[in-house]
Amino acid sequence: MKRTLPFVKMEALGNNYIYLDCIGEDLPTLVWEDVAVDVSDRNTGIGSDGLILMMPSTKADLRMRVFNMDGSEAKNCGNGLRCVAKLFFDRGYSNGKKQFTIETLSGVVIATVISTARNEAKTIEINMGYPQLEAEQIPFLHEQKNEPLISYPLHMDNNTWHATMVSMGNPHAVIFVDSIAKAPVETVGKKLATDVRFPEGVNVEFVQKVSESEYHFAVWERGSGRTRACGTGACAAGVAAVLLGHANRDEDLLIHLEGGELQIRWNAEGEVIMTGDARIICAGDYYM
Ligand SMILES: N[C@@H](CCC[C@H](N)C(=O)O)C(=O)O
């Protein structure tokens, strides 16, 4: 007999994942890396940027595990956090509470449902915690392990790209460009994502400043390739904008991603606050 997996497909600014509810559904234990590759395939699977598990936690109200399209597990996912927060709230697991905690591989974050539509979560704020800036925290191979890498010159193919490296639990290299339309996402982004100087790979973000408080954004994600949005990447872009003197600390920044908008604030306490929407596309059974 064929085995089936009940799934929900969700998107946040076009960044779409297959979500499995390991809290309410009795799911078998599988090799999730392989399941991620299978369900993500846009021809033979459901089609997605990866797989996300919503699970019980002993440290928080729930736990999230994230697998990229290639099966690699990531320590964090900003858009995924807003989607699991929505699923947790919509399925009644929070008993109507609008604030709860989510465990990730990089720590525990706080989710708050900011607005609802028809009693379902629409806009969600996540307190993403503190960005990490030191070379060994990214990680990036550099003789000064504790050095922050701000506008750091990365030489590649006779060109130099100035990247600001930020870890939001997962690694990001943020490159400011004059025109987002001409950003070399699929060439430089793709190549840098697997550059040996980043021992764990890196998500590469291209950012164009519109004003102190507004930025355009495009991304090449480690493990998933070009996606329409990256929540942790937008957080990293906000932090980089402040570090480079483009933006002010404790002010809301509007980030235009390819799939929609996110509001990012690096607050006075040093935490990054991300606010945006999440949406369910469809639900069904995946035949394995
Ligand atoms: N799309 C995500 C990030 C997913 C993980 C990333 N590709 C990695 O490997 O670190 C987001 O919204 O943050």
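Trainee: Which residues is Cys 230 in contact with, leaving aside its neighbours within four places in sequence?

Mentor: Cys 230 is in contact with Asn 15, Gly 78, Asn 79, Asn 203, Glu 205, Val 219 and Glu 221. Contact means that the two C-beta atoms, placed from the backbone, lie within 7 Å. This is a predicted model: local features need pLDDT of at least 70 and side-chain atom pairs count only at pLDDT 80 or more, while totals for chains, interfaces and linings use all residues. Residues are numbered from 1 along each chain as its sequence is written.

Trainee: Why does Cys 230 count as buried?

Mentor: A residue is buried if 20 or more other C-beta atoms lie within 10 Å of its own, exposed if 12 or fewer, and partly exposed in between, with C-beta atoms placed from the backbone. Cys 230 has 34 C-beta neighbours inside 10 Å, so it is buried. Its place is in the loop between strand S14 (225–227) and H4; helices (H or I, at least four residues) and strands (E, at least two) are DSSP runs, numbered from the N terminus.

Trainee: What does UniProt list for "active site"?

Mentor: The unreviewed entry lists Cys 77 and Cys 230. UniProt positions are given in the numbering used here, feature names are shortened, and annotations may be inferred rather than shown by experiment.

Trainee: Why can they be said to gather at one spot?

Mentor: They span 154 residues in sequence, yet no two of their C-alpha atoms are more than 7.6 Å apart, so they do gather.

Trainee: What makes Cys 77 buried?

Mentor: Cys 77 has 29 C-beta neighbours inside 10 Å, so it counts as buried. Cys 77 lies in the loop between strand S5 (73–74) and H2. Beyond four places in sequence, Cys 77 is in contact with Ile 52, Val 66, Gly 231 and Thr 232.

Trainee: Which residues that surround the ligand are the closest?

Mentor: Of the 19 surrounding residues, the closest are Ala 74, Asn 79, Asn 170, Gly 231 and Thr 232. Strand S4 (62–68), helix H2 (78–90) and helix H4 (231–243) each give two or more residues to this shell.

Trainee: Why is the ligand said to lie between domain 1 and domain 2?

Mentor: Domain 1 (4–129 + 276–287) and domain 2 (135–270) both give residues to the shell, so the ligand lies between them. The bounds come from an automatic or database domain assignment.

Trainee: What makes Glu 125 buried?

Mentor: Glu 125 has 20 other C-beta atoms within 10 Å, so it is buried. Glu 125 lies in strand S8 (residues 120–127).

Definitions and conventions. A residue is near a molecule or strand if its C-beta atom, placed from the backbone, lies within 6 Å of it.
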